[in-house]
Amino acid sequence: MLRGIIEMLDMKAVPLTFALALSAAAPNAATAAVGDPSELLRSGSLRNLVRPNEAVTGDKSGEVSDDQGAKRQMAQGCWYGYWRRC
Amino acid sequence: MWRPRLIVLQPTPYCNINCDYCYLGNRDDRRLMTPAVVDAIRDKLFARMAADASPRIVWHAGEPTVVPVAWYESAYEKLRPVTPSGAVFAVQTNGIAISAAWIEFLRRSGTQVGMSIDGPQRFHDARRKTRAGTPTWALVMENLRKLQSGGIRPNVITVLHRESLFAPDDFYGFYRDNDIGHVSFSIDEANGANGASSFDAADGKAAMTAFLRRILDLAFAEGYRLHIREIERIAQLLTEDIASHNEQVQPWDVVAVAANGNVTSFSPDFMELRSPDHNDFCFGNILENDFDELVGSEIFKRTAEEIRVGVELCRTGCGYFGVCGGGSPSNKMSENGSLKSGETQFCKLSIQAPADALVEFLAGQGAVQIGSKALNTNSTLQS
(Lines give C-alpha, C1' and ligand atoms only; values in the text may rest on other atoms or scores of the structure.)
Protein backbone atom coordinates (compact mmCIF):
# COMPACT_ATOMS: atom_id res chain seq x y z
CA MET A 1 0.00 0.00 0.00
CA LEU A 2 2.76 2.38 0.92
CA ARG A 3 4.45 1.90 -2.39
CA GLY A 4 1.15 2.63 -4.08
CA ILE A 5 0.90 5.96 -2.29
CA ILE A 6 4.41 6.88 -3.23
CA GLU A 7 3.83 6.01 -6.84
CA MET A 8 0.62 7.98 -6.84
CA LEU A 9 2.45 11.05 -5.66
CA ASP A 10 5.12 10.59 -8.24
CA MET A 11 2.67 10.09 -11.06
CA LYS A 12 1.14 13.41 -10.14
CA ALA A 13 4.62 14.89 -10.47
CA VAL A 14 4.82 15.75 -6.80
CA PRO A 15 8.34 15.21 -5.52
CA LEU A 16 8.27 12.76 -2.66
CA THR A 17 10.40 15.23 -0.74
CA PHE A 18 7.61 17.79 -0.89
CA ALA A 19 4.99 15.24 0.04
CA LEU A 20 6.93 14.45 3.18
CA ALA A 21 7.21 18.12 4.05
CA LEU A 22 3.51 18.71 3.45
CA SER A 23 2.60 15.83 5.67
CA ALA A 24 3.67 17.97 8.62
CA ALA A 25 0.85 20.38 7.89
CA ALA A 26 -1.81 17.71 7.66
CA PRO A 27 -4.35 17.24 10.47
CA ASN A 28 -3.02 14.80 13.06
CA ALA A 29 0.33 15.04 11.38
CA ALA A 30 2.86 12.40 12.14
CA THR A 31 6.31 13.52 13.13
CA ALA A 32 9.46 11.48 13.11
CA ALA A 33 11.20 12.33 16.37
CA VAL A 34 14.78 11.26 16.79
CA GLY A 35 17.63 12.12 19.11
CA ASP A 36 20.17 12.45 16.37
CA PRO A 37 19.87 13.11 12.62
CA SER A 38 21.75 9.92 11.81
CA GLU A 39 18.81 7.94 13.19
CA LEU A 40 16.81 9.09 10.20
CA LEU A 41 19.31 7.82 7.68
CA ARG A 42 18.02 4.30 7.44
CA SER A 43 15.47 2.49 5.39
CA GLY A 44 11.87 3.09 6.41
CA SER A 45 12.62 5.77 9.01
CA LEU A 46 9.97 8.09 7.58
CA ARG A 47 7.32 5.53 6.73
CA ASN A 48 4.87 7.07 9.13
CA LEU A 49 5.02 10.41 7.33
CA VAL A 50 3.71 9.14 4.04
CA ARG A 51 -0.02 9.29 3.70
CA PRO A 52 -2.49 10.16 1.02
CA ASN A 53 -2.38 13.90 1.38
CA GLU A 54 -5.22 15.84 -0.07
CA ALA A 55 -3.18 18.98 -0.03
CA VAL A 56 -0.66 17.34 -2.28
CA THR A 57 -2.71 15.28 -4.63
CA GLY A 58 -6.14 16.84 -4.50
CA ASP A 59 -7.34 13.30 -4.79
CA LYS A 60 -9.28 11.67 -1.97
CA SER A 61 -10.04 8.50 -3.76
CA GLY A 62 -7.27 6.57 -4.43
CA GLU A 63 -4.20 4.70 -4.16
CA VAL A 64 -2.50 2.98 -6.98
CA SER A 65 -2.44 -0.76 -6.67
CA ASP A 66 0.80 -2.55 -5.95
CA ASP A 67 0.64 -3.97 -9.44
CA GLN A 68 0.34 -0.54 -10.99
CA GLY A 69 3.09 0.71 -8.76
CA ALA A 70 5.38 -2.09 -9.82
CA LYS A 71 4.73 -1.36 -13.47
CA ARG A 72 5.44 2.27 -12.85
CA GLN A 73 8.67 1.33 -11.12
CA MET A 74 9.68 -0.78 -14.10
CA ALA A 75 8.89 2.05 -16.46
CA GLN A 76 11.14 4.29 -14.44
CA GLY A 77 14.04 1.94 -14.91
CA CYS A 78 16.91 3.25 -12.83
CA TRP A 79 15.44 6.72 -12.46
CA TYR A 80 16.41 6.60 -8.83
CA GLY A 81 19.50 4.56 -9.63
CA TYR A 82 22.79 5.15 -7.94
CA TRP A 83 24.99 5.92 -10.94
CA ARG A 84 24.63 9.62 -11.66
CA ARG A 85 25.76 9.93 -15.23
CA CYS A 86 22.46 8.92 -16.84
CA MET B 1 18.12 -15.53 -14.32
CA TRP B 2 19.90 -12.23 -14.76
CA ARG B 3 18.12 -9.01 -13.81
CA PRO B 4 20.50 -6.13 -14.50
CA ARG B 5 19.59 -2.61 -13.42
CA LEU B 6 21.66 -0.65 -15.91
CA ILE B 7 23.16 -1.46 -19.28
CA VAL B 8 25.44 1.17 -20.79
CA LEU B 9 26.18 0.79 -24.48
CA GLN B 10 28.78 2.94 -26.21
CA PRO B 11 27.90 3.44 -29.89
CA THR B 12 31.08 5.47 -30.27
CA PRO B 13 33.70 6.93 -27.94
CA TYR B 14 33.72 10.12 -30.02
CA CYS B 15 32.31 13.36 -28.71
CA ASN B 16 31.58 16.42 -30.79
CA ILE B 17 32.44 18.86 -28.03
CA ASN B 18 35.34 19.18 -25.61
CA CYS B 19 34.34 19.99 -22.04
CA ASP B 20 37.11 21.02 -19.71
CA TYR B 21 36.23 18.42 -17.08
CA CYS B 22 35.40 15.43 -19.32
CA TYR B 23 36.34 12.04 -17.88
CA LEU B 24 36.26 10.30 -21.28
CA GLY B 25 39.81 9.76 -22.47
CA ASN B 26 38.96 8.45 -25.94
CA ARG B 27 36.65 11.21 -27.07
CA ASP B 28 38.68 11.75 -30.25
CA ASP B 29 38.16 8.14 -31.32
CA ARG B 30 35.61 8.00 -34.15
CA ARG B 31 35.22 4.24 -34.02
CA LEU B 32 31.66 2.99 -34.36
CA MET B 33 30.24 -0.11 -32.69
CA THR B 34 30.09 -2.74 -35.42
CA PRO B 35 27.04 -4.83 -36.32
CA ALA B 36 28.92 -7.86 -35.01
CA VAL B 37 29.19 -6.28 -31.56
CA VAL B 38 25.48 -5.45 -31.57
CA ASP B 39 24.71 -9.04 -32.56
CA ALA B 40 26.90 -10.33 -29.72
CA ILE B 41 25.21 -8.01 -27.21
CA ARG B 42 21.87 -9.40 -28.33
CA ASP B 43 22.94 -13.06 -28.23
CA LYS B 44 25.21 -13.09 -25.18
CA LEU B 45 23.70 -10.43 -22.91
CA PHE B 46 20.13 -9.56 -23.80
CA ALA B 47 19.17 -13.18 -24.36
CA ARG B 48 20.30 -13.95 -20.80
CA MET B 49 17.98 -11.46 -19.13
CA ALA B 50 14.93 -12.63 -17.19
CA ALA B 51 11.61 -11.80 -18.81
CA ASP B 52 10.71 -9.63 -15.83
CA ALA B 53 13.99 -7.73 -15.78
CA SER B 54 13.59 -3.95 -16.04
CA PRO B 55 16.96 -2.48 -16.90
CA ARG B 56 17.61 1.02 -18.12
CA ILE B 57 19.54 0.63 -21.38
CA VAL B 58 21.50 3.78 -22.06
CA TRP B 59 23.39 4.86 -25.16
CA HIS B 60 26.23 6.76 -23.57
CA ALA B 61 29.98 7.24 -22.97
CA GLY B 62 30.72 9.37 -26.04
CA GLU B 63 28.14 11.55 -27.80
CA PRO B 64 25.50 9.12 -29.11
CA THR B 65 23.83 11.61 -31.43
CA VAL B 66 26.88 11.87 -33.70
CA VAL B 67 25.93 8.37 -34.87
CA PRO B 68 23.28 8.36 -37.63
CA VAL B 69 19.69 7.58 -36.67
CA ALA B 70 19.78 4.72 -39.19
CA TRP B 71 22.40 2.97 -37.04
CA TYR B 72 20.04 3.00 -34.06
CA GLU B 73 17.11 1.84 -36.17
CA SER B 74 19.18 -1.20 -37.14
CA ALA B 75 20.33 -1.79 -33.55
CA TYR B 76 16.78 -1.53 -32.16
CA GLU B 77 15.56 -3.94 -34.82
CA LYS B 78 18.07 -6.48 -33.53
CA LEU B 79 17.73 -5.83 -29.80
CA ARG B 80 14.00 -5.20 -29.33
CA PRO B 81 12.86 -8.80 -29.94
CA VAL B 82 14.98 -10.05 -27.02
CA THR B 83 14.52 -7.02 -24.75
CA PRO B 84 12.32 -7.55 -21.65
CA SER B 85 9.08 -5.59 -21.82
CA GLY B 86 9.96 -3.65 -18.67
CA ALA B 87 13.22 -2.31 -20.07
CA VAL B 88 13.62 1.34 -20.93
CA PHE B 89 15.92 2.68 -23.63
CA ALA B 90 17.52 6.05 -23.04
CA VAL B 91 20.13 8.27 -24.59
CA GLN B 92 22.45 10.60 -22.71
CA THR B 93 23.33 13.57 -24.90
CA ASN B 94 25.00 16.96 -24.81
CA GLY B 95 22.16 18.25 -26.99
CA ILE B 96 24.36 19.76 -29.67
CA ALA B 97 23.30 17.59 -32.59
CA ILE B 98 19.62 17.08 -31.82
CA SER B 99 17.88 17.40 -35.18
CA ALA B 100 14.29 17.05 -36.31
CA ALA B 101 15.15 13.52 -37.43
CA TRP B 102 16.45 12.73 -33.98
CA ILE B 103 13.36 14.10 -32.25
CA GLU B 104 11.14 12.05 -34.53
CA PHE B 105 13.21 8.92 -33.81
CA LEU B 106 13.20 9.50 -30.05
CA ARG B 107 9.42 9.83 -30.06
CA ARG B 108 8.85 6.88 -32.34
CA SER B 109 11.19 4.57 -30.43
CA GLY B 110 10.11 5.72 -26.96
CA THR B 111 13.71 6.47 -26.09
CA GLN B 112 14.06 8.65 -23.01
CA VAL B 113 16.44 11.58 -23.07
CA GLY B 114 19.00 12.72 -20.56
CA MET B 115 20.57 16.06 -21.41
CA SER B 116 23.69 17.62 -19.98
CA ILE B 117 23.19 21.29 -19.14
CA ASP B 118 25.32 22.91 -16.48
CA GLY B 119 22.69 25.43 -15.44
CA PRO B 120 22.72 29.15 -16.26
CA GLN B 121 24.72 30.28 -19.28
CA ARG B 122 27.75 31.63 -17.46
CA PHE B 123 28.31 28.36 -15.62
CA HIS B 124 27.64 26.14 -18.63
CA ASP B 125 29.70 28.14 -21.11
CA ALA B 126 32.65 28.36 -18.75
CA ARG B 127 33.49 24.72 -19.42
CA ARG B 128 31.19 23.09 -21.96
CA LYS B 129 32.75 24.20 -25.24
CA THR B 130 32.94 23.10 -28.84
CA ARG B 131 36.13 21.63 -30.20
CA ALA B 132 36.89 25.13 -31.49
CA GLY B 133 36.54 26.49 -27.96
CA THR B 134 33.29 28.33 -28.50
CA PRO B 135 30.38 28.24 -26.02
CA THR B 136 27.51 25.78 -26.42
CA TRP B 137 24.74 26.97 -24.07
CA ALA B 138 22.66 28.86 -26.66
CA LEU B 139 22.57 25.93 -29.06
CA VAL B 140 21.78 23.42 -26.33
CA MET B 141 18.93 25.56 -25.02
CA GLU B 142 17.52 25.97 -28.51
CA ASN B 143 17.51 22.19 -28.89
CA LEU B 144 15.99 21.74 -25.43
CA ARG B 145 13.08 23.89 -26.54
CA LYS B 146 12.72 21.85 -29.73
CA LEU B 147 12.57 18.66 -27.68
CA GLN B 148 10.02 20.16 -25.31
CA SER B 149 7.93 21.35 -28.24
CA GLY B 150 8.07 17.80 -29.54
CA GLY B 151 6.63 16.49 -26.30
CA ILE B 152 9.93 15.27 -24.86
CA ARG B 153 10.96 16.50 -21.44
CA PRO B 154 14.59 15.56 -20.90
CA ASN B 155 16.01 14.72 -17.53
CA VAL B 156 18.81 17.21 -17.03
CA ILE B 157 22.21 16.39 -15.59
CA THR B 158 24.07 19.37 -14.23
CA VAL B 159 27.72 19.12 -13.29
CA LEU B 160 28.50 21.45 -10.41
CA HIS B 161 31.81 23.10 -9.74
CA ARG B 162 32.78 24.77 -6.53
CA GLU B 163 31.71 28.22 -7.64
CA SER B 164 28.29 26.86 -8.67
CA LEU B 165 27.43 26.22 -5.04
CA PHE B 166 27.27 29.91 -4.26
CA ALA B 167 24.49 30.59 -6.76
CA PRO B 168 21.58 28.31 -5.83
CA ASP B 169 18.98 30.96 -6.61
CA ASP B 170 20.34 31.29 -10.15
CA PHE B 171 20.26 27.53 -10.69
CA TYR B 172 16.75 27.20 -9.30
CA GLY B 173 15.51 30.06 -11.48
CA PHE B 174 17.12 28.44 -14.51
CA TYR B 175 15.25 25.15 -14.01
CA ARG B 176 11.94 26.86 -13.24
CA ASP B 177 12.13 29.34 -16.11
CA ASN B 178 13.01 26.61 -18.61
CA ASP B 179 10.37 24.14 -17.45
CA ILE B 180 12.92 21.59 -16.31
CA GLY B 181 11.28 19.29 -13.77
CA HIS B 182 13.89 16.59 -13.22
CA VAL B 183 17.50 17.33 -12.47
CA SER B 184 20.43 15.31 -11.27
CA PHE B 185 23.50 16.99 -9.84
CA SER B 186 26.88 15.51 -10.63
CA ILE B 187 30.05 17.01 -9.31
CA ASP B 188 33.26 17.94 -11.00
CA GLU B 189 35.26 14.84 -10.10
CA ALA B 190 38.83 13.73 -10.44
CA ASN B 191 37.96 10.64 -12.44
CA GLY B 192 39.16 9.06 -15.66
CA ALA B 193 40.71 11.62 -17.98
CA ASN B 194 39.84 14.48 -15.62
CA GLY B 195 42.73 14.47 -13.19
CA ALA B 196 41.72 17.33 -10.91
CA SER B 197 38.54 18.63 -9.35
CA SER B 198 37.56 22.12 -8.28
CA PHE B 199 36.61 20.49 -4.98
CA ASP B 200 40.12 19.16 -4.36
CA ALA B 201 41.29 22.17 -2.40
CA ALA B 202 38.53 22.32 0.16
CA ASP B 203 35.77 20.27 1.68
CA GLY B 204 32.66 21.26 -0.22
CA LYS B 205 30.15 19.21 1.75
CA ALA B 206 28.74 22.09 3.80
CA ALA B 207 28.45 24.31 0.72
CA MET B 208 26.79 21.51 -1.27
CA THR B 209 24.33 20.88 1.54
CA ALA B 210 23.44 24.55 1.71
CA PHE B 211 23.07 24.71 -2.08
CA LEU B 212 20.65 21.81 -2.18
CA ARG B 213 18.73 22.99 0.87
CA ARG B 214 18.27 26.43 -0.67
CA ILE B 215 16.96 24.99 -3.94
CA LEU B 216 14.56 22.72 -2.04
CA ASP B 217 13.30 25.66 -0.01
CA LEU B 218 12.80 27.84 -3.09
CA ALA B 219 11.02 25.15 -5.07
CA PHE B 220 8.79 24.18 -2.16
CA ALA B 221 7.89 27.78 -1.38
CA GLU B 222 6.88 28.42 -4.97
CA GLY B 223 5.24 25.05 -5.46
CA TYR B 224 7.51 24.28 -8.39
CA ARG B 225 7.69 20.52 -8.69
CA LEU B 226 11.40 20.07 -9.08
CA HIS B 227 12.61 16.51 -8.67
CA ILE B 228 16.22 16.39 -7.56
CA ARG B 229 17.26 12.84 -8.17
CA GLU B 230 19.85 12.45 -5.43
CA ILE B 231 17.35 13.69 -2.85
CA GLU B 232 14.34 11.82 -4.19
CA ARG B 233 16.32 8.57 -4.15
CA ILE B 234 17.09 9.00 -0.47
CA ALA B 235 13.53 10.11 0.31
CA GLN B 236 12.26 6.96 -1.30
CA LEU B 237 14.58 4.85 0.82
CA LEU B 238 13.46 6.55 4.02
CA THR B 239 9.82 5.96 3.24
CA GLU B 240 10.09 2.37 2.13
CA ASP B 241 11.19 -0.58 4.15
CA ILE B 242 13.81 -1.67 1.68
CA ALA B 243 17.56 -1.84 1.82
CA SER B 244 19.56 0.77 -0.02
CA HIS B 245 20.36 -0.61 -3.41
CA ASN B 246 23.69 0.43 -4.80
CA GLU B 247 23.97 -1.17 -8.20
CA GLN B 248 27.61 -0.14 -8.47
CA VAL B 249 28.69 -2.68 -5.84
CA GLN B 250 26.49 -5.56 -6.94
CA PRO B 251 28.07 -7.90 -9.50
CA TRP B 252 26.43 -7.58 -12.92
CA ASP B 253 23.69 -5.22 -11.78
CA VAL B 254 25.52 -2.92 -14.17
CA VAL B 255 27.13 -3.92 -17.43
CA ALA B 256 28.85 -1.57 -19.82
CA VAL B 257 29.90 -2.52 -23.33
CA ALA B 258 32.39 -0.34 -25.19
CA ALA B 259 32.24 0.26 -28.93
CA ASN B 260 34.97 -2.32 -29.45
CA GLY B 261 33.08 -4.95 -27.42
CA ASN B 262 35.05 -4.69 -24.19
CA VAL B 263 32.88 -5.43 -21.18
CA THR B 264 33.00 -4.09 -17.63
CA SER B 265 30.66 -4.10 -14.66
CA PHE B 266 30.11 -2.26 -11.37
CA SER B 267 30.95 1.39 -12.20
CA PRO B 268 30.41 2.14 -15.90
CA ASP B 269 33.25 4.65 -15.51
CA PHE B 270 35.58 1.67 -15.18
CA MET B 271 35.73 1.81 -18.98
CA GLU B 272 37.85 4.91 -18.59
CA LEU B 273 40.12 3.87 -15.74
CA ARG B 274 43.59 2.50 -16.22
CA SER B 275 44.76 -0.10 -13.74
CA PRO B 276 47.20 -2.76 -14.93
CA ASP B 277 46.43 -4.84 -11.85
CA HIS B 278 42.81 -5.05 -12.97
CA ASN B 279 43.35 -5.36 -16.73
CA ASP B 280 41.93 -1.82 -16.91
CA PHE B 281 38.70 -3.35 -15.52
CA CYS B 282 38.05 -5.12 -18.80
CA PHE B 283 36.46 -8.43 -17.86
CA GLY B 284 36.39 -9.74 -21.42
CA ASN B 285 35.16 -8.89 -24.88
CA ILE B 286 31.66 -9.63 -26.05
CA LEU B 287 32.95 -10.82 -29.43
CA GLU B 288 35.19 -13.42 -27.83
CA ASN B 289 33.60 -14.35 -24.51
CA ASP B 290 30.18 -15.54 -23.52
CA PHE B 291 28.46 -14.32 -20.37
CA ASP B 292 29.60 -17.25 -18.24
CA GLU B 293 33.21 -16.58 -19.20
CA LEU B 294 32.85 -12.92 -18.22
CA VAL B 295 31.35 -13.87 -14.87
CA GLY B 296 34.01 -16.51 -14.30
CA SER B 297 37.04 -14.42 -15.23
CA GLU B 298 39.70 -14.17 -12.56
CA ILE B 299 40.04 -10.44 -12.95
CA PHE B 300 36.31 -10.02 -12.39
CA LYS B 301 36.35 -12.19 -9.29
CA ARG B 302 39.28 -10.31 -7.81
CA THR B 303 37.68 -6.95 -8.55
CA ALA B 304 34.41 -8.11 -6.97
CA GLU B 305 36.23 -9.22 -3.82
CA GLU B 306 38.11 -5.92 -3.50
CA ILE B 307 34.85 -4.01 -3.90
CA ARG B 308 33.25 -6.20 -1.23
CA VAL B 309 36.04 -5.33 1.19
CA GLY B 310 35.56 -1.64 0.43
CA VAL B 311 31.83 -1.91 1.06
CA GLU B 312 32.48 -3.52 4.44
CA LEU B 313 34.69 -0.57 5.37
CA CYS B 314 31.79 1.71 4.52
CA ARG B 315 29.32 -0.45 6.43
CA THR B 316 31.34 -0.33 9.64
CA GLY B 317 32.65 3.21 9.43
CA CYS B 318 30.10 5.47 7.76
CA GLY B 319 26.90 6.82 9.26
CA TYR B 320 25.41 7.25 5.81
CA PHE B 321 25.69 3.59 4.83
CA GLY B 322 21.94 3.13 5.23
CA VAL B 323 21.24 5.52 2.38
CA CYS B 324 24.31 4.69 0.32
CA GLY B 325 25.21 1.04 0.36
CA GLY B 326 28.95 1.30 -0.16
CA GLY B 327 29.99 4.18 -2.40
CA SER B 328 31.23 4.31 -5.95
CA PRO B 329 34.06 1.90 -6.82
CA SER B 330 35.38 4.04 -9.68
CA ASN B 331 35.67 7.05 -7.36
CA LYS B 332 37.41 4.95 -4.70
CA MET B 333 39.90 3.82 -7.31
CA SER B 334 40.46 7.29 -8.75
CA GLU B 335 40.69 9.16 -5.47
CA ASN B 336 42.03 6.61 -3.00
CA GLY B 337 43.97 4.38 -5.37
CA SER B 338 42.21 1.28 -4.06
CA LEU B 339 38.83 -0.39 -4.22
CA LYS B 340 39.43 -1.54 -0.67
CA SER B 341 38.81 1.92 0.71
CA GLY B 342 36.06 4.14 2.03
CA GLU B 343 35.06 7.77 1.73
CA THR B 344 35.50 9.85 -1.42
CA GLN B 345 34.48 13.29 -2.61
CA PHE B 346 31.58 11.60 -4.36
CA CYS B 347 30.41 10.26 -0.99
CA LYS B 348 30.54 13.66 0.64
CA LEU B 349 29.00 15.66 -2.18
CA SER B 350 26.60 13.24 -3.85
CA ILE B 351 25.36 11.13 -0.94
CA GLN B 352 26.06 12.82 2.39
CA ALA B 353 25.18 16.37 1.34
CA PRO B 354 21.83 15.37 -0.25
CA ALA B 355 20.98 13.32 2.84
CA ASP B 356 21.80 16.23 5.14
CA ALA B 357 19.90 18.66 2.93
CA LEU B 358 16.83 16.44 2.98
CA VAL B 359 16.88 16.03 6.76
CA GLU B 360 17.43 19.76 7.26
CA PHE B 361 14.61 20.57 4.88
CA LEU B 362 12.18 18.19 6.59
CA ALA B 363 13.21 19.48 10.02
CA GLY B 364 12.67 23.00 8.81
CA GLN B 365 9.16 22.13 7.68
CA GLY B 366 8.38 20.43 10.98
CA ALA B 367 8.05 16.97 9.50
CA VAL B 368 10.83 15.62 11.66
CA GLN B 369 11.97 16.58 15.11
CA ILE B 370 15.60 16.36 16.09
CA GLY B 371 16.45 16.10 19.77
CA SER B 372 14.05 17.51 22.34
CA LYS B 373 13.10 20.67 20.53
CA ALA B 374 10.95 21.15 17.49
CA LEU B 375 12.62 23.03 14.69
CA ASN B 376 10.98 25.91 12.95
CA THR B 377 11.19 26.75 9.28
CA ASN B 378 14.27 28.85 9.67
CA SER B 379 16.29 26.49 11.78
CA THR B 380 19.23 24.45 10.68
CA LEU B 381 20.06 20.91 11.57
CA GLN B 382 21.40 20.56 15.07
CA SER B 383 21.88 17.48 17.15
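## Helices α1 and α2 of chain B

In this predicted model, helix α1 (residues 35-45) and helix α2 (residues 69-79) of chain B pack at about 30 degrees, with their axes 9 Å apart. Helices here are DSSP runs of H or I with at least four residues, strands are E runs of at least two, and both are numbered from the N terminus. Axes are lines fitted to C-alpha atoms, for helices over the stretch in contact, and angles run from 0 to 180 degrees between N-to-C directions. The angle makes α1(B) roughly parallel to α2(B) (under 35 degrees).

From α1(B), B:Pro35, B:Val38, B:Asp39, B:Ile41 and B:Arg42 take part in the contact (heavy atoms within 4.5 Å). They meet B:Trp71, B:Ala75, B:Lys78 and B:Leu79 of α2(B). Six of these contact residues are nonpolar, none is polar and three are charged.

## The sheet of chain B

Ten strands build an open, mixed sheet in the order β7-β6-β5-β4-β3-β2-β1-β8-β9-β10. Strands pair if DSSP finds at least two bridges between them. β7 (227-228) and β10 (284-285) of chain B are the edges; each has a single partner strand, so one side of each lacks a neighbour in the sheet.

Strands β4 (residues 112-116) and β5 (residues 155-160) of chain B pair in the parallel sense over three bridges. B:Met115 has B:Val156 in β5(B) as its bridge partner. Helix α7 (residues 205-222) of chain B packs on the sheet and touches β5, β6 (182-187) and β7. The direction of α7 makes about 170 degrees with that of β6(B).

## Conventions

Residues are numbered from 1 along each chain as its sequence is written, and chains are lettered from A in the order in which they are written. Local features need pLDDT of at least 70, side-chain atom pairs count only at pLDDT 80 or more, and totals for chains, interfaces and linings use all residues, while side-chain values use heavy atoms, without hydrogens and water.

Conventions:
Parallel < 35°, antiparallel > 145°, perpendicular 65-115°, else oblique. Nonpolar A, V, L, I, M, F, W, Y, C, P; charged D, E, K, R; others polar.
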